[in-house]
Amino acid sequence: MKRRSFMEPILVIMAAGMGSRYGGNKQLDQITAEGDIIMDFSLYDVYQAGFRRVCFIIKHDFEDVFRAHIENGAGKKYETHYSFQEPDDLPEGYSLPEGRTKPWGTGQAVLAARDCIDAPFAVINADDYYGKEGFVKIYEFLTTKADATHNCMVGFEVEKTLSENGTVSRGIC
């Protein structure tokens, strides 16, 4: 595999969600007796794919417990960075509507990570499981083809992404 001369790709993990359909912080709920959370499985897979830099987008509300989980596990293998998604962190010319307290979504989350991103990057949700194959493909693209005019995404069949526990918004690409 031919390497480009830019910095190593970054995995941006969106973990600032409210968990409104789930009823709590799904991104931090343990799913194994050993204390693993869903994100730990993605972190294992992305390490196997080649990623070594991770930027976590989180909320100040659970910063201490989140950092403790990362630092006691995957953080030992990765260069880690943290960004905070705040509802009023908006591009110039935009303002927070009165009464709005929740974050805006994916676009604003990635904007919140702008100070961590200095190389090609991929974005995932902390509370979804993707599997290793997509990470291998995206890492290969980011290290061989990504530049200012070449971008990509790994797609999933929409029927396989819908929840029986409430509505979700999905983009069609």
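**Figure 1. Contacts and elements of the whole chain.** Among contacts (heavy atoms within 4.5 Å) between residues at least 6 apart in sequence, 72% join residues at least 24 apart. The model is predicted: local features need pLDDT of at least 70, side-chain atom pairs count only at pLDDT 80 or more, and totals for chains, interfaces and linings use all residues. Residues are numbered from 1 along each chain as its sequence is written, and side-chain values use heavy atoms, with hydrogens and water left out. The chain has four helices and four strands, arranged from the N terminus on as β-α-β-α-β-α-β-α. Helices (H or I, at least four residues) and strands (E, at least two) are DSSP runs, numbered from the N terminus. Of the 173 residues in the chain, 36% are buried; buried means under 20% relative accessible area, exposed over 50%, and partly exposed in between (1.4 Å probe, protein chains only).

Figure 2. Helix α4 comprises 13 residues, 132-144. At 1.5 Å a residue, taken times one less than the number of residues, α4 should span 18 Å, and its end C-alpha atoms are 18 Å apart, which agrees. Gly134, Phe135, Ile138, Tyr139, Phe141, Leu142 and Thr143 of this helix are buried. These buried residues pack against α1 (38-49) and β4 (121-125).

**Figure 3. The largest nonpolar core.** A nonpolar core is a set of buried Ala, Val, Leu, Ile, Met, Phe, Trp, Tyr and Cys residues joined through side-chain atoms within 4.5 Å. The largest such core holds 29 residues, of which Ile13, Met39, Leu43, Phe56 and Phe66 touch the most other members. At least two residues of this core come from each of β1 (10-14), α1, β2 (53-58), α2 (63-71), β3 (79-84), β4 and α4. Helix α4 gives the most, with five residues. Leu43 touches Ile13, Val54, Phe56, Ile70, Ala74 and Tyr78, not counting residues up to four places away in sequence. A second, separate core of 11 residues includes Ile10, Cys55, Ala109 and Ala119.

Figure 4. In one of them, the side chains of Glu79 and Arg53 meet at 3.5 Å, N to O. The pair links distant parts of the chain, with Glu79 in strand β3 and Arg53 in strand β2, 26 residues apart. Glu79 is partly exposed, at 38% relative accessible area, whereas Arg53 is buried, at 7%. Arg53, Glu79 and Asp118 are linked in a network of salt bridges.

Figure 5. Glu63 forms a salt bridge with Arg67, the closest N and O atoms being 2.9 Å apart. Both residues lie in α2, four residues apart, about one turn of the helix. An α-helix has 3.6 residues a turn, so residues three or four places apart point the same way. Arg67 is partly exposed, with a relative accessible area of 25%.

**Figure 6. A salt bridge between two loops.** Arg114 forms a salt bridge with Asp89, with 2.9 Å between the closest N and O atoms. This pair links distant parts of the chain, 25 residues apart: Arg114 lies in the loop between α3 (106-112) and β4, and Asp89 in the loop between β3 and α3. At 41% relative accessibility, Arg114 counts as partly exposed.

Technical notes: Salt bridge = Lys/Arg side-chain N within 4 Å of Asp/Glu carboxyl O.
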